[in-house]
Amino acid sequence: MANEVEITDKKQPAHKKYVLKKRAPQKTNYKINYEQELNSKQLEAVMSNEGALLVIAGAGSGKTKTLTYRVARLIEDGVAPENILLLTFTKKAAHEMLSRATLVLDNRCERVAGGTFHSFANIILRKYASALKLKNNYTIMDRSDCEDVINHIVGQMFPKKEKRFPKKSTLLDMYSKSVNKETPTKIIIENEFPQFEHCIDKIIEVHKAYVVYKRENSILDYDDLLLYLKLLLENNEGLRQKISGEYKYIMVDEYQDTNTLQADVIKLLASVHKNIMAVGDDAQSIYAFRGANYKNIFDFPKLFDNTKIIKLEQNYRSTQNILELTNTIIGKAKEKYDKQLFSEIVSPVKPALICAKNTQMEAEFICQRILELLDEDVELGDICVLARNARMSYSLEIELSKRAIPFRKVGGPKFMETAHIKDIAAHLRVLVNPDDVISLTRILLLLRGIGNSAVNNIIPVIKGNFNPDIKLLPSNKMNSLAPLLKVLDKERSKIATKKPSEIVEEIIHYYRPILKDKYDDFSKREKDLEHFQYLSTQYSNLEDFISDMALEPPDASVEGMYKNNSDDDALTISTIHSAKGLEWDSVFIIGAVDGRFPSAYSFNSEEEMDEELRLMYVAATRAKNNLYITYPVDMYDYSMHMVLSKPSRFLDNIPDDILELWDIE
DNA sequence: TCAAGGCCATGCTGG
DNA sequence: ATGGCCTTGA
């Protein structure tokens with residue numbers, strides 16, 4: 001909206017020059033008093049309209065608030081919610097922002113299009129799959145499925161074992177980086193996996209076969225979702241116009257963790273109108289292992305001409321004492337960051353570094369300190385324990401259970417990745433997509449008497465045709481195969497009419513005997529099946545259910561934690577990666593022992609060490625008032641054959657007026 | 001020849 | 001707790 005219009009007098013001398021005055025924002029017409037609730041920088045971002053805008057937002061500087069209020073402000077100015085696209089890192093972040101926007105404005109905000117890049121890509125691709133010659137019932141594979149496919153391909157191409165050939169997960173890392181960084185596999189291997197240069201040709205051959213395999217079987221992995229979205233937008237002028245026109249205002253959160261493929265998608269999405277607002281913090285980039293590059297954020301102005309840049313530097317979250325520590329930490333990076341956050345929140349309490357004799361004592365300290373915090377009127381839901389990886393909290397989880405302190409765990413091994421849940425999901429996938437050979441293989445291998453070679457004979461016959469009367473194996477093997485075919489045949493015909501939860505129920509009923517046969521601890525796993533069934537009741541379409549479970553898998557399966565969704569009064573245990581963007585009154589960072597955090601595997605790479613450092617920075621900046629960093633000194637490291645006993649090097653030589661040192665007696 | 005069970009080593013973070 | 005590898009058993 002141009003506020004200033006000048007009628008020029010160049011060619012029309014007879015006309016009088018009339019200047020429209022700049023209108024002050026019409027605050028009286030807004031329901032929200034933006035000027036009062038935001039600082040000047042935030043306000044500038046919220047009030048900006050057309051064009052590209054980059055907001056560099058330090059930790060706790062009101063990034064979420066800025067995004068939330070901009071959504072509200074656009075809607076107040078008459079933009080249809082459906083025309084706004086909010087891309088975030090997790091679905092949860094999108095939901096949180098939109099419900100906050102709903103609180104400050106009204107429920108129109110719920111209609112804003114939002115979610116992760118991947119879920120957005122999925123929505124668009126299901127709609128326009130045919131433009132890419134793709135079936136729209138394609139399966140989305142999670143990581144372990146992809147690994148199975150790769151293993152299958154390697155086994156076919158090189159029946160004899162190759163010497164020092166990368167493991168399936170390493171292969172997948174290479175391919176994924178190649179796609180996300182838009183760099184040939186060859187270069188990725190040379191730069192990041194030089195130990196495998198000797199078999200570079202074979203690795204590339206496997207990659208090609210992997211791509212073909214996915215195409216032939218209507219399978220997409222996470223990277224394909226982004227890649228195909230890019231191709232769709234790139235190669236279909238008409239569709240690009242249409243989609244870009246639909247999403248007239250685009251906002252991207254956590255821009256520092258996007259990769260070049262995502263940057264391309266954004267560029268294409270905004271190609272028609274260039275109304276794009278990106279928000280991020282280069283000092284909080286922690287996803288390099290997934291192809292993200294914190295430098296991406298500085299390249300944003302290269303994607304869009306005349307990018308306006310706004311910096312948010314005042315922190316509203318943490319005490320100044322905590323910020324003094326975090327400023328010191330980030331100051332240790334090899335690559336320098338322009339970060340000196342300040343806060344007006346004053347408190348006498350200082351962050352503390354606590355040495356524990358072992359993980360047991362570390363756990364006891366945390367439990368005791370938590371109980372003291374509760375006495376100081378901190379709520380349990382306002383306390384979080386952060387760890388570099390999910391395993392580090394095992395001792396603590398035991399201690400918490402002993403003391404009956406409720407907790408929920410975020411990050412780490414996924415519910416959907418547990419073997420029994422994958423088994424059930426594989427049955428459902430075969431129902432939706434009978435071409436899904438990987439899932440079919442998985443469910444056949446569950447049967448007694450059927451192994452790899454039998455599977456290879458069976459699949460060509462039953463692919464897409466689950467006739468239970470077929471006779472293709474000796475009768476003893478048919479006895480285990482027939483019940484499977486029967487249930488698949490029966491449910492396949494009802495896929496369109498039955499509720500997903502009813503189909504899941506039938507599959508679980510069929511699968512339960514297999515579960516009991518396969519696992520000694522089946523009763524615990526049976527509870528997971530019940531939970532899975534419960535999740536399915538939230539859906540009216542089986543395909544949506546399966547896609548969602550792949551794109552936004554529910555948190556780790558922790559016994560007894562299921563029904564506590566509404567129970568906010570529990571301690572949070574989280575990986576640092578999963579704590580991105582969140583905040584708590586009191587934060588414990590555990591396992592801060594050198595060799596684990598930073599991990600010893602990062603020692604010889606400056607870039608990886610910087611990423612570990614940023615991770616520590618992200619962890620420490622989650623805390624509002626109390627920050628405790630603990631480390632046990634009895635950790636044995638198998639790879640280095642030594643006991644780890646020093647605190648994280650990121651906390652070395654920090655004066656004790658910034659970081660207090662505690663010993664446990 | 002194929003399936004199944006046992007044993008050993010172990011690199012995490014996630015859509 | 002899990003995948004990879006080897007041995008055993010049918």
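**Entry 1: DNA strand B.** A reminder to myself before I start: this is a predicted model. I began by asking which residues come nearest to DNA strand B. There are 29 residues around DNA strand B, and R290, R391, G449, G451 and S578 come nearest. I also checked which part of the DNA faces the protein: sugar and phosphate make up 57% of the atoms of DNA strand B that come within 4 Å of the protein.

**Entry 2: polar contacts with DNA strand B.** Next I went through some side chains. For S578, an N or O atom of the side chain is 2.8 Å from a phosphate oxygen of DNA strand B. T575 also reaches a phosphate oxygen of DNA strand B, with a polar side-chain atom 3.0 Å away. S453 has a polar side-chain atom 3.2 Å from a sugar or linking oxygen of DNA strand B.

**Entry 3: what builds that surface.** I looked up the helices here. Helix 19 gives the most, with 3 residues. Sorting the surface near DNA strand B by class, I got 9 nonpolar, 13 polar and 7 charged residues.

**Entry 4: DNA strand C.** Then I turned to DNA strand C and found N151, K161, K168 and R525 around it. By class, the surface near DNA strand C has 1 polar and 3 charged residues, with no nonpolar ones.

**Entry 5: strand 11.** I moved on to strand 11 (residues 352-356), where 4 of the 5 residues are buried. Strand 11 pairs in the parallel sense with strand 16 (residues 623-632) over 5 bridges. Strand 11 also pairs in the parallel sense with strand 19 (residues 660-663), over 4 bridges. I followed C355 across both pairings: C355 stands opposite Y631 in strand 16 and opposite D663 in strand 19. Is C355 buried or partly exposed? At 21% relative accessibility, C355 counts as partly exposed, because the cut-off for buried is under 20%.

**Entry 6: cysteines.** How many disulfides are there? My count comes to 0 disulfides.

Technical notes
Residues are numbered from 1 along each chain as its sequence is written. Chains are lettered from A and ligands numbered from 1 in the order in which they are written. This is a predicted model: local features need pLDDT of at least 70, side-chain atom pairs count only at pLDDT 80 or more; totals for chains, interfaces and linings use all residues. Side-chain values use heavy atoms; hydrogens and water are left out. A residue is near a molecule or strand if one of its heavy atoms lies within 4 Å of it. A polar contact is a pair of N or O atoms within 3.5 Å; within protein, one must be able to donate a hydrogen and the other to accept it, and residues adjacent in sequence count only if both atoms are side-chain atoms. Helices (H or I, at least four residues) and strands (E, at least two) are DSSP runs, numbered from the N terminus. Ala, Val, Leu, Ile, Met, Phe, Trp, Tyr, Cys and Pro count as nonpolar, Asp, Glu, Lys and Arg as charged, and the others, Gly among them, as polar. Buried means under 20% relative accessible area, exposed over 50%, partly exposed in between (1.4 Å probe, protein chains only). Two strands pair if DSSP finds at least two bridges between them. A disulfide is a pair of cysteine sulfur atoms within 2.5 Å.
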